[in-house]
Amino acid sequence: MAIETIKFEVVEKNLPNGVPTNIRALDSSGNSISSSIKNVREVMGIYSLDKVFEPFEEYEIKSKDGGLILVQFASSEFPIGVAIIYGNTGGVVLNDVSGVSFFKQNERIVSVYRKENNGYIYIKNNLSNRINVYVKFIPDK
């Protein structure tokens, strides 16, 4: 009985389309592994947050890198606030929206800031009630 040989290209060509939950990757030793999309994002330093903030809650994004940050209240009706955040305490606001304050603490409904040069990024709910916020951070490295 002969063993049939199938080329890897043929198998990949015939794979169905879909939304991946895991991807094939290589570890630091070159071994093949299965990794979640979330794990890949984290290794790249990309943060994706969909969070209900309690009153006056502050959330720490453990990145000291500069990059692009997007903030939106949890509804497509609200515009997306966008800024380039530097490693220091400043940056450039690309799309200023009424409920989001970039680079200043305790202003507007949500503040996005660093407490010190080269410190972590903080997101804070400045209201006395709960809010749901979407945040994406894409580092420049």
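A residue counts as buried with under 20% relative accessible area, as exposed with over 50%, and as partly exposed in between. Tyrosine 120 has a relative accessible area of 29%, so this residue is partly exposed. Everything in these views comes from a predicted model. Look for Tyrosine 120 in the loop between β9 and β10. Asparagine 88 is 32 residues away from tyrosine 120 in sequence, yet their C-alpha atoms are 9.8 Å apart in space.

**Five strands make an open sheet.** Follow the strands across and you get the order β3-β11-β5-β6-β7, with antiparallel pairing. On average, and ignoring direction, neighbouring strands here are turned by 20 degrees against each other.

β3 and β11 (residues 131-139) run antiparallel and are joined by seven bridges.

**Four strands make another open sheet.** This one goes β4-β10-β9-β8, and its pairing is mixed. The edge places belong to β4 (58-61) and β8; each has a single partner strand, so one side of each is left without a neighbour in the sheet. Neighbouring strands of this sheet are also turned against each other, by 20 degrees on average with direction ignored.

**β9 between its two partners.** How do β8 and β9 run, parallel or antiparallel? They run parallel, with three bridges joining them. Two of the residue pairs to spot are valine 100 with valine 110 in β9, and phenylalanine 102 with valine 112 in β9. With β10, β9 pairs in the antiparallel sense, over five bridges. Here valine 112 turns up again, with isoleucine 123 in β10 as its bridge partner. β9 and β10 form a hairpin with six residues between them, and asparagine 118 in the turn has a positive phi of about 60 degrees.

**β9 is tucked away on both faces.** How many of the five residues in β9 are buried? Five of the five are, so the strand is mostly covered by the cut-off of under 20% relative accessible area. On one side sit Val110, Val112 and Arg114, and on the other Ser111 and Tyr113, all of them buried.

**Inside: the largest nonpolar core.** This core has 19 residues, and those with the most contacts inside it are Ile69, Val71, Val112 and Ile123. β11 gives the most, with four.

**Outside: a nonpolar patch on the surface.** Nonpolar side chains turn up on the surface too: Leu68, Ile84, Tyr86, Val92, Leu94 and Ile138 form a patch with about 470 Å² of accessible area together. Pick out valine 92, which is found in strand β7. Its relative accessibility is 35%, so valine 92 counts as partly exposed.

Side chains of opposite charge can pair when their charged atoms come close. A search of the whole structure finds five such salt bridges. In one of them, glutamate 54 joins arginine 130, and their closest N and O atoms are 3.1 Å apart. This pair links distant parts of the chain: glutamate 54 is in the loop between β3 and β4, while arginine 130 is in the loop between β10 and β11, 76 residues away. Glutamate 54 is partly exposed at 36% relative accessibility, and arginine 130 is exposed at 54%.

Arginine 108 and aspartate 96 form a salt bridge, with the closest N and O atoms 2.6 Å apart. Arginine 108 lies in the loop between β8 and β9 and aspartate 96 in the loop between β7 and β8, so the pair ties together parts 12 residues apart in sequence. At 39% relative accessibility, arginine 108 is partly exposed. Lysine 62 and glutamate 60 also meet through their side chains, at 2.4 Å from N to O. Glutamate 60 is partly exposed as well, at 27% relative accessibility.

Terms used:
Residues numbered from 1 in each chain as written. Predicted model: local features only at pLDDT ≥ 70, side-chain atom pairs only at ≥ 80, totals over all residues. Heavy atoms only, no water. Pairing = 2+ DSSP bridges. Axes fitted to C-alpha atoms, helices over the stretch in contact; angles between N-to-C directions. Patch = residues over 30% accessible without salt bridge, like charges linked within 9 Å, V, L, I, M, F, W, Y side chains within 5 Å. Areas by Shrake-Rupley, 256 points an atom, 1.4 Å probe, with all protein chains shown as cover. Salt bridge = Lys/Arg side-chain N within 4 Å of Asp/Glu carboxyl O. Buried < 20%, exposed > 50% of the residue type's maximum accessible area, 1.4 Å probe, protein only. Core = buried A, V, L, I, M, F, W, Y, C linked by side-chain atoms within 4.5 Å.
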